Every structure is written in C-alpha cells, then in structure tokens.
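Here is a short briefing for a first look at a protein model. Keep the structure open as you read.

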Amino acid sequence: MTDWKIFQGKREPHDAIKYLSPPPKWRRFNNQDESTINKIEIAQRWQKLQDLANENNRDKERGKNFRIQTDQHQDDNGRYHNVVDAVNAAFYLRRPLLVTGLPGSGKTSLAYAVAYELQLGPVLLWPITTRSTLQEGLYRYDAIARLQDVQLADKNKDTQPANNNLNIGEYIQLGPVGTAFLPSLYPRVLLIDEIDKSDINLPNDLLNLFEEGEFEIPEVARLSKHIGEQSVTVCTKDDNIDAPIKAGRVRCSTFPLIIMTSNGERDFPPAFLRRCLRVNMPQPEEEALKAIIKAQLDIDISEQSQDLINSFLTSLANGDNLAIDQLLNIVYLVTNDKVSRSEINLHNMQSLLLKSLSNTQDK
C-alpha cells in the first residue's frame, strides 16, 4: 500500500484495512488476550459479520451509491473540507468523528460508505432521541424475564438450569455501542445518529468510554467471585451473534470507527470536542448531484432534471436550507412514467417539494 489513505471514498470494496498502522501509545487499549481460542472466536465472529453484510442489500446499496467529494472542497467562507482525510485520520488516531452539515448532505450515509468500501460488516446504528441514555446504547438487562424464569424453574426442578449464574447471559443483550467495543479483527463502524438531539448529559457520559475503550456490565461483574474465569455468553442486538464476556468487562481490542452526526442544533462541551475529530459535509456541486440522481433513480439527466438541479443549486446559493432528498423527490415525480407531464404544474411542485427547511410555517 503506497497511499496513507485506508479509506479512498471511491465506492470499490478492498482490503486495505489490514494495512492500518498500530495506534499511538496513548490510544492502545487493554485487551491483549492472545490465546488461540480467543483468536479463533474473533475470526469466526468476523466471518459471520461479513456474511450478514453481504445479505443486507439495502445497506450495501446505500454505501455503494453514496458519492463523496474526494478532493478538497472550499466553501463560500474559504474553509476547506476533506471528508476522506477526516475519516482516515479517525482510523489512524482511534478517535470518534463528529460530522456536521445540512440535512441530506450525506452525514449518515458516510458511515455506510466506509463500511461498504472497507468491508467492515454491518453498520451499528444508534439513533439518538431526547430520552437516549448511554445505558441503552451499551446493553439491556431483562431482570423481570430472569425473575419469572427462576420462579418457573423453582416450581419444576427438572427445568432449572444447571448453572443459573452462567445463565444470566440469556437476559443480557448488547446494544450497538456495546457491540462496537467487543474484541474484533478490524474496527466496527458505529453510527451515533443526530447526537445533537440527546439529553445534555449524554456527550459527557461518553467521555470515559471514548478514552478507556471499555465498560462494565455490573450484573455480570458481581458474579465473578462465583464463576471465576468462566465467561458469560451474551447476545448482540444488531448482529444476533453470541459473545463471551469475562469478569463483566467488555474491552475493545480494536477501537471502532465512531461516526457521530449533528445538524448543528446545539453546542457540545469542550471536553467532548477535544476527544473528537470534526468535519463539515460540503454542499454537493452540480456533478455530484447528477451522480446521485443517476445512482438513486437509475435515469439519465434530462433537460427537465437539469433545470431542477439548477433551481436547487440557486436556492442553496440564496441561503435556503434544502436537503438532497427533496431534490430526489421532485426529480422522481416529474420523470415518473405514471405521471402525465401535461397534468403536473412544475412551478407548484417546486413550491411544494423544494420548501426551505428553515421555514417554521408554510408560506
């Protein structure tokens, strides 16, 4: 490999991730179990992830069709944005990437593009709401179900598990964040979508996880004195794959690529920003919009489509807050064979479908 860029942004799968250099000393983590069994388990789990990714056509198409501006792009304020460089820096430095930009600029799709090109398995998605907590992202423990099963087992001794301490894993399910920090052959891609919608405390809650690369499952850790070195097998919610947990701690061996998206609806504390790399998605240019339309709608750019692209770009230049999917919606509608062009009023349709997202009410 002659180029430092592991991720090229060219939408062609390759295995360059194997050439990723070791992390800097201050970003090396504590899972150094080199036992043969551990290596075999990790390799087997990685192969299962590859199979899952190959079966998910929707995510594959999303990653394959997303076009990234690979050259440096200068916006109207003279700032340079290079998304590809930012992704690669995040890989090398083992740091989360905070991606900002207008709605529809491709912040979310970036994660799928990286996972597709580098063959990193399914994207682990954690969509954020105002009620999201770090606990739900890490794991879920169904204590009620376990209690009910224990009570049923007491009524019928024949069905009671041989070792109820180990059986606790059946009631623990790792969330997308917890799954991303499992020991892995290569980095998983974790998408924390719209983190600016979170409770004010969530960014600070993530700090220790980002620094240490590990977390504890207290329900399992409390059993360590009873089960010793034995592992408790839990299941992952997103992949539905079993994973052994020792002493109640999940430690990453390879720091995941964490992509957090933000629409700029709030500011983040300096301590959080210090631990992240940040990049802003540039607004797409004419050629990029044509490529997106061709990829998503599988049509050639007609004169009518070109006029819509020009109108879209003019609106953006005038300061309107528009998303690319709005353009896709109107191009799809006016080029649809089922829609009679004589029956559609293009001006009215533009007013309806290319309405600025900044408007608080219809005008």
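The points below cover the overall fold, the nonpolar cores, the cavities and the cysteines.

This is a predicted model. The protein chain has 363 residues, and 48% of them are buried. It contains 16 helices and 13 strands.

**Overall fold**

- Take the contacts in the protein chain with a separation of 6 or more: 80% of them join residues 24 or more positions apart.

**Nonpolar cores**

- In soluble globular proteins, nonpolar side chains tend to be buried together.
- The largest nonpolar core here has 41 residues.
- Phe-181, Phe-215, Met-260 and Phe-272 have the most contacts inside this core.
- Helix α9 (residues 207–212) gives the core its largest share, 3 residues.
- Which residues does Phe-215 contact, leaving aside its neighbours within four places in sequence? They are Leu-138, Tyr-139, Leu-174, Gly-178, Phe-181, Leu-209, Gly-248, Arg-249 and Val-250.
- A second, separate core has 33 residues, including Ile-6, Leu-20, Ala-111 and Leu-191.

**Cavities**

- The structure holds 3 cavities of 30 Å³ or more.
- The largest cavity has about 90 Å³ of space.
- It is lined by 13 residues, and those closest to its centre are Arg-45, Leu-49, Pro-183, Ser-184 and Arg-188.
- Helix α1 (residues 36–55) supplies the largest share of this lining, 4 residues.
- What kinds of residue line the largest cavity? The lining divides into 7 nonpolar, 3 polar and 3 charged residues.
- The second largest cavity has about 50 Å³ of space.
- Leu-102, Pro-103, Gly-104 and Ser-105 are among the residues that line the second largest cavity.
- Its lining also includes Gln-283, Pro-284, Phe-312, Leu-316, Leu-322, Ala-323 and Ile-324.
- The lining of the second largest cavity has 8 nonpolar residues, 3 polar and no charged.

**Cysteines**

- A disulfide is a covalent bond between the sulfur atoms of two cysteines.
- How many disulfides does a search of the whole structure find? The search finds 0.
- Is Cys-252 buried or exposed? Cys-252 counts as buried because its relative accessibility is 0%.
- Cys-276 has a relative accessibility of 7%, so Cys-276 counts as buried too. The cut-off for buried is under 20%.

Technical notes. Residues numbered from 1 in each chain as written. Predicted model: local features only at pLDDT ≥ 70, side-chain atom pairs only at ≥ 80, totals over all residues. Heavy atoms only, no water. Disulfide = S-S within 2.5 Å. Buried < 20%, exposed > 50% of the residue type's maximum accessible area, 1.4 Å probe, protein only. 1 Å grid on protein atoms, 1.4 Å probe; cavity = no way out; pocket = protein on both sides within 12 Å on 5 of 7 lines; lining within 4 Å. Points joined across faces, edges and corners; volume = space filled by probe spheres on them. Helix = DSSP H or I, 4+ residues; strand = E, 2+ residues; numbered from the N terminus. Nonpolar A, V, L, I, M, F, W, Y, C, P; charged D, E, K, R; others polar. Core = buried A, V, L, I, M, F, W, Y, C linked by side-chain atoms within 4.5 Å. Contact = heavy atoms within 4.5 Å.
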